[in-house]
Amino acid sequence: MTKTDNPNWSPFGFETRMIHAGTPPEPVTGARQTPIFQNISYVFYDADHAASLYNLQTFGFLYSRLSNPTVAALEERIASLEAGRGATCCASGHAAQMLAFFAFMEPGDAFISSTRLYGGSITQFGKTFKKFDWHCHFVDFDEPENVRKALTPKCKAIFCESLANPGGVVTDLEAIAGIAEEAGVLLIVDNTMATPYLCRPFEWGAGLSIHSTTKFLSGNGTSLGGCVVDSGTFDWAKNDKFGGLTKPEPAYHGLTFYETFGDLAFTTHAHAVGLRDLGATMAPMNAFQTLLGIETLSLRIERHCQNAQKVAEFLDAHDLVDWVSYAGLKSSPYHALAKKYLSGGFGSVFTFGVKGGYQMGMKVVENCELCSHLANVGDTRTLILHPASTTHRQLTDEQALAAGAGPDVVRVSVGLETLDDITADLDQALKTAAEQTKKAAE
Amino acid sequence: MSDGLNYSDGHLRGILHAVRSIAMVGASPYWNRPSYFAMKYLQIKGYRVIPINPRAAGEEILGETCYAALAEAPGNIDMVDLFRDSEAAGAVMDEAIALKDAKGIRVVWMQLGIRNDEAAARGEAAGLTVVMDRCPKIEYGRLHAELSWGGFNSRIISSKRRRAQIL
Ligand SMILES: Cc1ncc(COP(=O)(O)O)c(C=O)c1O
């Protein structure tokens with residue numbers, strides 16, 4: 001979809017929306033910064049007002065498990081950045097995935113996912129979702145035809161990450177969206193690693209986009225959070241796959257959400273049924289931290305990407321490094337896709353392979369002084385991890401390899417420190433690790 | 001927008017502020033129909049909404065008597081809000097044009113998903129303001145920062161302080 005035929009497109013620039021969308025001055029006090037509504041419940045004017053709120057006949061707040069003014073400000077801001085119709089924030093990225101599928105999946109239903117996902121998502125989809133009798137078929141999205149072949153009558157959605165964690169892998173969104181469109185299923189894109197600054201999935205045909213706001217959007221490693229953004233352009237009634245939105249909802253005294261709320265249906269349902277009944281709500285304080293984070297998103301992502309490009313080039317030329325998987329390197333098989341789908345940089349999370357396998361991988365990480373050895377990405381700090389022994393250790397060797405987390409793989413999330421300090425730390429860690437590995441072998 | 005219908009925020013705000021009484025053609029007596037949601041909301045915002053629906057004529061909907069046709073509605077009607085399909089919009093428009101002076105009709109608003117360009121052209125030629133393919137509830141909520149409460153993208157960017165309002 002091009003900009004101009006998206007009804008949710010704004011004439012204001014990205015940076016303006018990053019600072020202003022969702023957050024006009026608070027009307028009662030005039031406070032310019034968004035207040036943290038650290039509050040659970042909202043007083044009704046009278047019984048009729050209460051009834052209208054419970055019946056979803058009027059806009060407003062009822063109880064903060066469903067919605068809260070600070071969280072709503074963040075929702076509008078993220079929706080605006082992706083030119084979506086609305087957004088639903090929740091407790092974490094994983095909660096967002098749960099919330100997205102919950103709207104339309106029934107026991108026995110299936111969806112197709114890329115193998116190149118954050119390890120936790122592979123476990124959530126492959127193991128935990130099974131307990132709901134939801135079935136995820138993992139396929140290699142590098143060959144979009146694989147996706148078409150995996151379609152079954154029970155399939156309702158296709159899921160992938162735009163820029164995948166951990167691998168520097170970029171998905172051919174337009175090709176995948178074409179397959180989804182033909183099959184009448186929904187394309188859900190996890191846009192966490194790219195952020196709305198680098199990629200806007202609705203421009204390529206996604207119906208929903210998902211974020212772990214825990215990462216770059218909050219930006220400083222302070223606040224867990226997740227978000228489901230609805231494009232508002234997916235026709236839920238195009239077939240009978242999406243009864244959750246097109247049939248009377250038993251959890252809402254028989255209200256039919258799509259008929260009643262049109263392009264507001266998904267987001268209304270995600271709050272009024274999803275958050276109400278699953279309960280994975282975002283805390284107002286986390287929403288505030290994330291709003292603050294987003295105010296500087298473009299500046300941070302630009303520098304993250306610049307630093308990452310230089311660190312990737314440094315590692316690529318390093319004797320102790322076997323390979324670097326960063327979409328910003330011309331040698332990357334994903335470079336052309338990255339140029340098409342990402343605007344303004346290639347992200348700052350990527351993997352590299354060390355010479356010496358599993359042991360060497362672990363040792364490099366252990367010998368870092370400046371880079372923090374922990375399981376997270378998208379912080380101002382440079383973060384480093386050996387996925388095979390941590391985030392991806394729940395997976396079989398085969399799954400780990402397919403996810404880009406083999407034994408020699410180290411993942412780095414390049415931060416905003418002085419570039420030379422980052423490369424110097426990685427250099428000394430590689431050299432020390434090589435010495436230790438050599439000694440251990442003797 | 002994609003439909004080529006460009007209504008500025010100022011234009012829609014002007015309509016919603018000038019209008020006080022609305023005849024809702026196609027209003028349903030059933031609580032779970034979209035028109036019922038819109039009627040309830042517009043009432044909360046202080047509009048007098050008169051339901052028009054031959055199948056529910058004589059019944060009460062949300063405290064208002066329902067009439068079979070526009071011509072039967074009592075008093076002034078500032079705006080006709082159309083909850084019918086695009087085809088039916090033509091006949092209702094002609095009724096509105098005929099009753100324009102008698103009822104003080106100034107605006108014909110066709111709901112989200114409803115569009116009839118010929119009818120709109122006739123209305124405009126007769127001096128009516130016509131809005132198509134929009135919902136007055138959604139537009140009212142959007143322009144008064146209430147849609148934002150639901151996590152929706154209002155597309156409004158402003159650092160002006162709004163007057164706090166009751167209800
Ligand atoms: C791409 C991606 N999606 C989803 C998640 C899950 O997010 P959260 O940790 O906020 O639940 C992560 C977390 O690492 C991630 O990197």
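**A walk across the A–B interface**

Start where the chains meet: 14 residue pairs, both at pLDDT 80 or more, are in polar contact between chain B and chain A. A polar contact here is a pair of N or O atoms within 3.5 Å; within protein, one must be able to donate a hydrogen and the other to accept it, and residues adjacent in sequence count only if both atoms are side-chain atoms.

You're looking at a predicted model, where local features need pLDDT of at least 70, side-chain atom pairs count only at pLDDT 80 or more, and totals for chains, interfaces and linings use all residues. Residues are numbered from 1 along each chain as its sequence is written, chains are lettered from A in the order in which they are written, and side-chain values use heavy atoms, leaving out hydrogens and water.

Now select the side of chain B that touches chain A.

Zoom out for the whole interface. In total, 33 residues of chain B are in contact (heavy atoms within 4.5 Å) with 49 residues of chain A. Next, pick Phe152(B), Asn153(B) and Ile157(B): this trio supplies 20% of the area that chain B buries against chain A, more than any other three residues. Buried area is the accessible area (1.4 Å probe) that two parts lose on being put together, summed over both.

Then show Glu259(A) and Arg33(B). Their side chains meet in a salt bridge, 3.0 Å from N to O; the term means a side-chain nitrogen of Lys or Arg within 4 Å of a carboxyl oxygen of Asp or Glu. Between chain B and chain A the count is two salt bridges.

Helices (H or I, at least four residues) and strands (E, at least two) are DSSP runs, numbered from the N terminus. Color Phe288(A) and Leu291(A), which are among the buried residues of α12(A). The buried residues of this helix pack against α1 (14-20), α3 (69-81) and α13 (297-316) of chain A.

Last stop: His318(A), in the loop between α13 and β10 (321-325) of chain A. Is His318(A) buried or exposed? Buried, with a relative accessible area of 10%; buried means under 20%, exposed over 50%, partly exposed in between (1.4 Å probe, protein chains only). A polar atom of the His318(A) side chain lies 3.1 Å from the backbone nitrogen of Leu320(A). Not counting residues up to four places away in sequence, His318(A) touches Asp427(A) and Leu430(A).
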